[in-house]
Structure formats: C-alpha cells, structure tokens
Amino acid sequence: MSREIKFRGVAKDLKNVDVVPHKGIFVYGNLVHGNLVHDDATDGPDYIVGNMVEADEEYCTLHFWEPIEKGSAEQFTGLKDKNGKDIYEGDILAWHSNICRKHDWVGLVLYRGAGFAVQESDKSYSSPEWLDCACRKDANIIEVIGNIHTNPELLEDKK
C-alpha cells in the first residue's frame, strides 16, 4: 500500500498568504532541505514548496517556495484520526476507549526508522503497526488534539 508523501513546517514569515496552502503556523507541500539550496547548510533554511509548474533543461518553476523554521518539517503518516484529520509527525494524539469518553492516554507521533510510532512516555513507544491499527475506520479511537509546536503543555499534563 502506498501513501501520499507530503510535509508541513512552521512558516518563518508567511508572505504569500493567497498562494501558499497554510493553516495557523503551518505551511503544507513538499520539502526541500536548505543544503540543496545553500552552500552552507547550517545557515540556509528548509523550504516547503508547491508542485512544479513548468521545467526545462535550465530551470524549473514551482507554484510557491516558502522558508520554514529549521527542524520544524514534519511528514504526513498516511493516516487519519477518527475525525478524518491528517496525522503528521509532531502531532499529539489522544486515545479514546469505547467505554469512557475521556482521553485514556496522550502520545506524540514520531518517525522511528521503519515507520511512524507514538511516544507515550519518555521510555515507551508504540509500534508502527499499532498506530496503523488504531487509525482504522472501524477502530475510531485516535484523535489529533494538538501538536508539539503549539500545544506542548498537552504532553506535560500527562507526565
């Protein structure tokens, strides 16, 4: 099964609001690392870019080109929560049991080698297979309740 590869990042300064797909502090699209654009990778920002509009042997034109905060790029997991919302790395998830309607636990989505997993505490990781299973339409138990950039307090409350 293939999944859509897309990214989001925290915009440095969203200037092209009419052109760039964004929601809150995030811009959405493809990822270009700064080291591909700048000679000194430590100084150059990463970018979220739009699809290619045209290209030839000498150049290519992208729909948009937006710099993001270093280290804020996060990949789409290919999964959706119980409300149909895309789940990205850095999202904070709540697990809802069918018995009670409160959050039974909260975890942070991470990329762990072969796939995406959830960090439930400083020492505990769910397997990527568990996250896939919990996001099935018939399971309906995972909900995105925030992200590490705008809601870090959600993780602190559970420690």
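Analyst: First, a word on the labels: helices (H or I, at least four residues) and strands (E, at least two) are DSSP runs, counted from the N terminus. This is a predicted model, where local features need pLDDT of at least 70, side-chain atom pairs need pLDDT 80 or more, and totals for chains, interfaces and linings use all residues. Numbering starts from 1 along each chain as its sequence is written, and side-chain values use heavy atoms, leaving out hydrogens and water.

Here's the setting. The protein has two helices and 13 strands. It holds 159 residues, and 40% of them count as buried (under 20% relative accessible area; exposed is over 50%, partly exposed is in between; 1.4 Å probe, protein chains only). Take the contacts (heavy atoms within 4.5 Å) between residues at least 6 apart in sequence: 45% of these join residues at least 24 apart.

Now let's go to Glu57, which sits in the loop between β5 (52-55) and β6 (60-62). Its relative accessibility is 80%, so Glu57 is classed as exposed. Glu57 also belongs to a negative surface patch, together with Glu54, Asp56 and Glu58. (Patch members have over 30% relative accessible area and no salt bridge; like charges are joined within 9 Å, nonpolar side chains (Val, Leu, Ile, Met, Phe, Trp, Tyr) within 5 Å.)

With 18% relative accessibility, though, Glu89 is counted as buried. Leaving aside residues up to four places away in sequence, Glu89 touches Arg8, Glu74, Gln75, Thr77, Val109, Tyr111 and Phe116.

Arg8 deserves a stop of its own. Its side chain meets that of Asp91 in a salt bridge, with 2.7 Å from N to O (the rule is a side-chain nitrogen of Lys or Arg within 4 Å of a carboxyl oxygen of Asp or Glu). Arg8 lies in strand β1 (residues 7-10) and Asp91 in strand β10, so this pair ties together parts that are 83 residues apart in sequence.

Over the whole structure, the search turns up six salt bridges. Another of them pairs Asp46 with Lys70, whose closest N and O atoms are 3.4 Å apart. Asp46 belongs to strand β4 (residues 46-49), while Lys70 is in the loop between β7 (65-68) and β8 (74-80), so the bridge links parts 24 residues apart in sequence.

Inside it, Lys6 and Glu4 form a salt bridge with their closest N and O atoms 3.8 Å apart. Glu4 has 48% relative accessibility, so Glu4 is called partly exposed.

Ala117 is in strand β12 (residues 115-119), and at 1% relative accessibility Ala117 counts as buried. Its C-alpha atom is 5.4 Å from that of Ser127, a residue ten places away along the chain.

Terms used: Accessible areas come from the Shrake-Rupley method with a 1.4 Å probe; for residues, only the protein chains shown count as cover. Lys and Arg count as positive and Asp and Glu as negative; His and the chain ends are not counted. The place of a charge is taken as NZ of Lys, CZ of Arg, CG of Asp or CD of Glu.
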